[in-house]
Amino acid sequence: MRQTTNSVLMIRPVAFRMNEQTAVNNYYQKVLDGLSPGTVNAKAQQEFDTFAEKLRAAGIDVIVVNDNLQTDTPDSIFPNNWVSFHENGEIALYPMFAENRRRERREDILSLLQEKGFEINNVVDYTAAEDHGIYLEGTGSLLLDRANRKAYCALSPRADELIVLEFCEDFGYTPVIFKAFQTVGGERKLIYHTNVMMCLGETFAVVCVDSIDDPKEKEMVLANLKENKKEIVLITEDQVNNFAGNMLEVRAVDDKRYVVMSSSAHQSLTLMQLEQLESHAKILSSSLDTIEACGGGSARCMMAEVFLPRI
């Protein structure tokens, strides 16, 4: 099993804005005063286009699909939350916390991938859990160590243990379950997605252990990473606030490795952290300031990795 892919699905926004339905437990979202919705969307499109072009220039296969204006899906730019693609030709569809995010799931996108030569053998659909108020938001919630068959998950209102265990049973993963917190107004609150405080590369892991308040859980997460010989790059909560945990390692067509992140994440890292990362992969960063501020997500959230076999 490969940990990295050279194909990513990205959704170009048409109605991007701060999603009021997700802001209730995504404390990274901000209101940008004085900017009209049209300006916010135009800035997000510009950031998206520049980012996608940088990935393509590096030799990464970027499949761009336009969002649909009729669905009014402000967070469509983050497709990794509703779908994941797997090497055996299986797809998982996930139950989403925000009602307006459920409209992001589109069958036509799956058909497009088949048209592009990807093989889809089976769709595992967890979305009925929404009727019971139970959610698991894709590879935002699940950090998959595909090579070692481990699924790291920080529980939150958007990541329910029941579905984590169901996913692990269906896809053959061992769950590594814990809770991660951030300080909001002097209180410790659950971080909404695992991929904000942690990134799993092929030979490294970026993790904010300071966010794991339970000492036993902290030790368990580190022990699992060390068992699989990952070099651990520790980041601070302040760096998490700059989306330094929201990275993704991808492969170019020539097999060169890139660790992809936003400019704010890149700028927040120390020289030592940068050297650690660059010993594993070349850093590719792009400015995503508007997307990060309004969406509360960053580079990793914008890429749904396509591991499907090609026909």
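**Reading rings and a helix in a predicted model**

Mentor: R149 lies over the face of Y173, at 4.0 Å from the ring centre. A charge counts as sitting over a ring if NZ of Lys or CZ of Arg is within 6 Å of the ring centre and within 35 degrees of the ring normal. This is a predicted model, where local features need pLDDT of at least 70 and side-chain atom pairs count only at pLDDT 80 or more, while totals for chains, interfaces and linings use all residues. Residues are numbered from 1 along each chain as its sequence is written, and side-chain values use heavy atoms, with hydrogens and water left out.

Trainee: How many aromatic pairs does a search of the whole structure find?

Mentor: A pair of aromatic rings is described by the distance of the centres and the angle of the planes. Rings of Phe, Tyr and Trp (its six-membered ring) pair if their centres lie within 6.5 Å; planes under 30 degrees apart are stacked, over 60 edge-to-face, and the rest tilted. The search of the whole structure finds 6 aromatic pairs. One of them is Y94 with Y126, stacked at 6.2 Å centre to centre with 25° between the planes. Y94 lies in the loop between β4 (90–93) and α2 (107–115), and Y126 in the loop between β5 (122–125) and α3 (138–141), so the pair ties together parts that are 32 residues apart in sequence. Helices (H or I, at least four residues) and strands (E, at least two) are DSSP runs, numbered from the N terminus.

Trainee: Is the pair of Y94 and F167 stacked or tilted?

Mentor: The pair is tilted, because the ring centres of Y94 and F167 are 6.4 Å apart and the planes stand at 40°. F167 lies in helix α4 (residues 161–171) and Y94 in the loop between β4 and α2, so this pair ties together parts 73 residues apart in sequence. Both Y94 and F167 are buried, that is, under 20% relative accessible area, with exposed over 50% and partly exposed in between (1.4 Å probe, protein chains only). Ring pairs link Y94, Y126, F167, F171 and Y173 into a cluster.

Trainee: Which residues of helix α8 are buried?

Mentor: In α8 (residues 271–278), the buried residues are Q273, L274, Q276 and L277. They cover an arc of only 160° around the axis, which puts them on the same side of α8. The arc is that of the directions from the helix axis to the C-beta atoms. L271, M272 and E275, on the other side of α8, are exposed.
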